[in-house]
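Reader: I've got the model open and I'd like to go through some of its labels with you. Could you show it first?

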Amino acid sequence: MTFKTTLGLCAFSGAMALASMASAGPIDNACQKAGRASNPGTCGCIQQVADMTLSHRDQRRAASFFHDPDRAQEVRMSDRKSDSDFWDRYKNFAATAEGFCK
């Protein structure tokens, strides 16, 4: 392994460690409170995906689904364009989290 490769791996590992120590976001908090994740790191992983794919406003809205799953169904079935646009972003987030946080 070359020095540059080793240095790159160390930098990547350091960045991931800092990301895991960052303050929890709304998705992580809701996930932890709901107690549905079998692995403690899963909620943090889902939050990282949320940080990459959703605005903070969308994250707060999605976090509400942990407390009120019926709300997700209401948004999904809504005729409002804003709800439809959010649902598209939410589906992308959910699919990405499912693949990334296995």
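Reader: Why does Phe65 count as buried?

Author: Keep in mind that this is a predicted model. The cut-off for buried is under 20% relative accessible area, and Phe65 comes in at 6%, so Phe65 counts as buried.

Reader: What makes Phe65 and Phe86 an aromatic pair, and why is the pair called edge-to-face?

Author: Ring centres have to lie within 6.5 Å to pair, and for Phe65 and Phe86 the figure is 6.0 Å centre to centre. Planes over 60 degrees apart count as edge-to-face, and here there are 70° between the planes. Phe65 lies in helix H4 and Phe86 in helix H6, so the pair ties together parts that are 21 residues apart in sequence. By this rule the model has six aromatic pairs.

Reader: Why is the pair of Tyr90 and Phe93 called tilted?

Author: Their centres are 5.8 Å apart, which is within the 6.5 Å limit. Tyr90 and Phe93 are three residues apart in helix H6, so about one helical turn separates them. In general, an α-helix has 3.6 residues a turn, so residues three or four places apart point the same way. Phe93 is buried too, because its relative accessible area is 6%.

Reader: Which residues form the aromatic cluster?

Author: Phe65, Phe86, Trp87, Tyr90 and Phe93 form one cluster.

Reader: How do you know that the charged end of Arg61 sits over the ring of Phe86?

Author: For Arg, CZ has to be within 6 Å of the ring centre and within 35 degrees of the ring normal. The charged end of Arg61 is 4.4 Å from the centre of the Phe86 ring, and it is listed as sitting over that ring.

Reader: Phe86 keeps turning up. Which residues make the contact between H5 and H6?

Author: Helix H5 (residues 69-77) and helix H6 (residues 81-100) pack at about 115°, with their axes 8 Å apart. On the H5 side the contact is made by Ala72, Val75 and Arg76, and on the H6 side by Asp83, Phe86 and Trp87. By class, that gives four nonpolar, no polar and two charged residues.

Reader: Which residues of helix H2 are buried, and what covers them?

Author: In helix H2 (residues 26-34) they are Pro26, Ile27, Asp28, Ala30 and Cys31. Their cover includes helix H3 (40-53), helix H4 (56-67) and H6.

Note on methods:
Residues are numbered from 1 along each chain as its sequence is written. This is a predicted model: local features need pLDDT of at least 70, side-chain atom pairs count only at pLDDT 80 or more; totals for chains, interfaces and linings use all residues. Side-chain values use heavy atoms; hydrogens and water are left out. Axes are lines fitted to C-alpha atoms, for helices over the stretch in contact, and angles run from 0 to 180 degrees between N-to-C directions. Helices (H or I, at least four residues) and strands (E, at least two) are DSSP runs, numbered from the N terminus. Contact means heavy atoms within 4.5 Å. Ala, Val, Leu, Ile, Met, Phe, Trp, Tyr, Cys and Pro count as nonpolar, Asp, Glu, Lys and Arg as charged, and the others, Gly among them, as polar. Buried means under 20% relative accessible area, exposed over 50%, partly exposed in between (1.4 Å probe, protein chains only). Rings of Phe, Tyr and Trp (its six-membered ring) pair if their centres lie within 6.5 Å; planes under 30 degrees apart count as stacked, over 60 as edge-to-face and the rest as tilted.
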